[in-house]
Amino acid sequence: MDKVTGAIADPVRREIMELLVGARRTAGEIAGHFAISRPAVSRHLRVLRESGLVRDELVGRERFYVLDTGPLSALTEWLARFQQPVSWAHHLDALETEVYRTRRERRSGGQDTPRADTA
């Protein structure tokens, strides 16, 4: 997970990942989106490859880079621990409160709220 977090810490690498969502691209295509040198883009691609977030495929004489989101699953699971879970407990507690309030009103003869059948 440390390699993944280190890889996505850089904004250029995150942008490279966004470029690769749903598309495979050559290093030249990727480099064309940045105002940095091709060797710098190659270093970013190397970091992404070493973290497992990007893999390369050789097709003929061209090397294509493809996004692999598998390594993100451990990070996603870890981050999910810090989110407040959507729980039914709060909703059920509110329902229980309403049930007790309604029972109390019925036992007291409806003095808290006027009933329609007494008018």
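Here is a short walk through the sheet, a helix pair and the nonpolar core of this structure.

The model is predicted, so local features are taken at pLDDT of at least 70 and side-chain atom pairs only at pLDDT 80 or more, while totals for chains, interfaces and linings use all residues. Residues are numbered from 1 along each chain as its sequence is written, and side-chain values use heavy atoms, leaving out hydrogens and water.

Let's start with the sheet. Its 3 strands form an open sheet in the order β1-β3-β2, with antiparallel pairing. Helices (H or I, at least four residues) and strands (E, at least two) are DSSP runs, numbered from the N terminus, and two strands pair if DSSP finds at least two bridges between them. β1 (25-26) and β2 (54-59) are the edge strands, each with a single partner, so one side of each has no neighbour in the sheet. β3 is joined to β2 by 6 bridges and to β1 by 2 bridges.

Now turn to the helices. The axes of α2 (residues 11-19) and α4 (residues 38-51) come within 10 Å and cross at roughly 75°. Here axes are lines fitted to C-alpha atoms over the stretch in contact, and angles run from 0 to 180 degrees between N-to-C directions. The two helices are therefore roughly perpendicular, a label for angles of 65 to 115 degrees. On the α2 side, Val12, Arg13, Ile16 and Met17 make the contact, meeting His44, Leu45, Val47 and Leu48 of α4; contact means heavy atoms within 4.5 Å. These residues divide into 6 nonpolar, 1 polar and 1 charged.

The largest nonpolar core has 17 residues, and Ile16, Leu20, Ile30 and Leu48 touch the most other members. Such a core is a set of buried Ala, Val, Leu, Ile, Met, Phe, Trp, Tyr and Cys residues joined through side-chain atoms within 4.5 Å, with buried meaning under 20% relative accessible area (1.4 Å probe, protein chains only). At least two core residues come from each of α1 (2-8), α2, α3 (27-31), α4 and β3 (62-67). Leu20 touches Arg25, Ile30, Val54, Tyr65, Val66 and Leu67, leaving aside residues up to four places away in sequence.

Conventions:
Parallel < 35°, antiparallel > 145°, perpendicular 65-115°, else oblique. Nonpolar A, V, L, I, M, F, W, Y, C, P; charged D, E, K, R; others polar. Buried < 20%, exposed > 50% of the residue type's maximum accessible area, 1.4 Å probe, protein only.
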